[in-house]
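Me: I have a structure open and want to learn how to read it. Can you take me through it step by step?

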Amino acid sequence: MSGSGIIRYWPLYALVLAVAALAAFGGAGPAPDFAQRLMPPSMHAPFGTDALGRDMVARSLAGLSLSLRIGLAASLASTAIALCLTMVASLHKAAGGLVSFVTDAVLSLPHLVLLVLIAFALGGGADAVVAAVALSHWPRLTRLLRLELEQVLASDFVAASRAFGRSPLHVATRHVLPHLLPQLLVGAVLMLPHAILHEAALTFLGFGLEPTRPAIGILLSEAMRTLSAGYWWLGLFPGLVLVATVLLVESIGAHLQRQLTPLPEAAR
């Protein structure tokens, strides 16, 4: 990317660094202060306080940190599954047919139901959430990588490599993999917001993280019990933090997609 591009998008990069720092160094949340229970938003506490007097800004940031780490682990694991299946599909036509069948079979299942079933079967908790999201998010990326794979396998340089007697493994690692990496990177980044949202959804439904963990889904679940009493800030601000983070990550993915797969000059 050119220097002018870096200067142009510096606010986006600053936000990326801030989110990365939050994910890496986010704390465990504030300590209770019963003298400040259920205080509405103010200059002292912009997001208000919860039923135990904990500052909701600190709780929202701690919850976002946990959700980001879980979403990142799940998206990386799901991306690895998609890459492995695509590489297997590149080795033999029969393997490609089997990968297509498995991908279509998983895509035919209701997404949220599959998430809940996997998380429930694994007993809940952070590991179960990571596994559930990873095992349910790879099919769409796999399908996109398969389309890219078909174009690469039909190219002249792959035909020439095969004509020289190169093995399928050589073709996969030397020709297919380098062409898949840009799509893989974009797919991993665009998968992260879905992983974060589905982690929050699983936790909100009671199939995700333990209630003692300060994740965004836990905060939203706790807020549901007090919204009817007028404590609207307990659900509004954590939800806004979650939505803002998801939109930020999606904008990063869209920017990467434009940079790694630029439009032809005639289409600009």
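Me: Is the crossing of H5 and H6 right-handed or left-handed?

Reply: First, the general idea. A crossing is left-handed if the near helix is turned anticlockwise from the far one by less than a right angle, and right-handed if clockwise. Helices (H or I, at least four residues) and strands (E, at least two) are DSSP runs, numbered from the N terminus. Here H5 and H6 make a right-handed crossing. This is a predicted model: local features need pLDDT of at least 70, side-chain atom pairs count only at pLDDT 80 or more, and totals for chains, interfaces and linings use all residues. Residues are numbered from 1 along each chain as its sequence is written, and side-chain values use heavy atoms, with hydrogens and water left out.

Me: At what angle do H5 and H6 cross?

Reply: Axes are lines fitted to C-alpha atoms, for helices over the stretch in contact, and angles run from 0 to 180 degrees between N-to-C directions. The axes of H5 and helix H6 (residues 126-153) cross at roughly 145 degrees and come within 8 Å.

Me: Which residues make the contact of H5 with H6?

Reply: Contact means heavy atoms within 4.5 Å. H5 contributes residues including His111, Leu114 and Ile118, and H6 residues including Ala128, Val133 and His137. Now sort by class. Ala, Val, Leu, Ile, Met, Phe, Trp, Tyr, Cys and Pro count as nonpolar, Asp, Glu, Lys and Arg as charged, and the others, Gly among them, as polar. This contact has nine nonpolar, three polar and no charged residues.

Me: How do H4 and H6 pack?

Reply: Helix H4 (residues 93-107) packs with H6 at about 140 degrees, the axes being 9 Å apart. Their crossing is left-handed. Among the contact residues are Asp104 of H4 and Arg140, Arg143 and Arg146 of H6. By class there are six nonpolar, four polar and four charged.

Me: What about H8 and H9?

Reply: Helix H8 (residues 168-205) and helix H9 (residues 216-224) pack at about 40 degrees, with axes 7 Å apart. That makes H8 oblique to H9, because angles under 35 degrees count as roughly parallel, over 145 as roughly antiparallel, 65 to 115 as roughly perpendicular and the rest as oblique. H8 passes H9 in a right-handed crossing. Phe204 of H8 and Met224 of H9 are among the residues in contact. The classes are five nonpolar, three polar and no charged.

Me: Where does pLDDT stay under 50?

Reply: pLDDT is the predictor's confidence in each residue, from 0 to 100. Where it is low, the predicted coordinates should not be read in detail. The protein's mean is 79, and 86% of its residues reach 70 or more. pLDDT stays under 50 over residues 1-7 and over residues 263-268.
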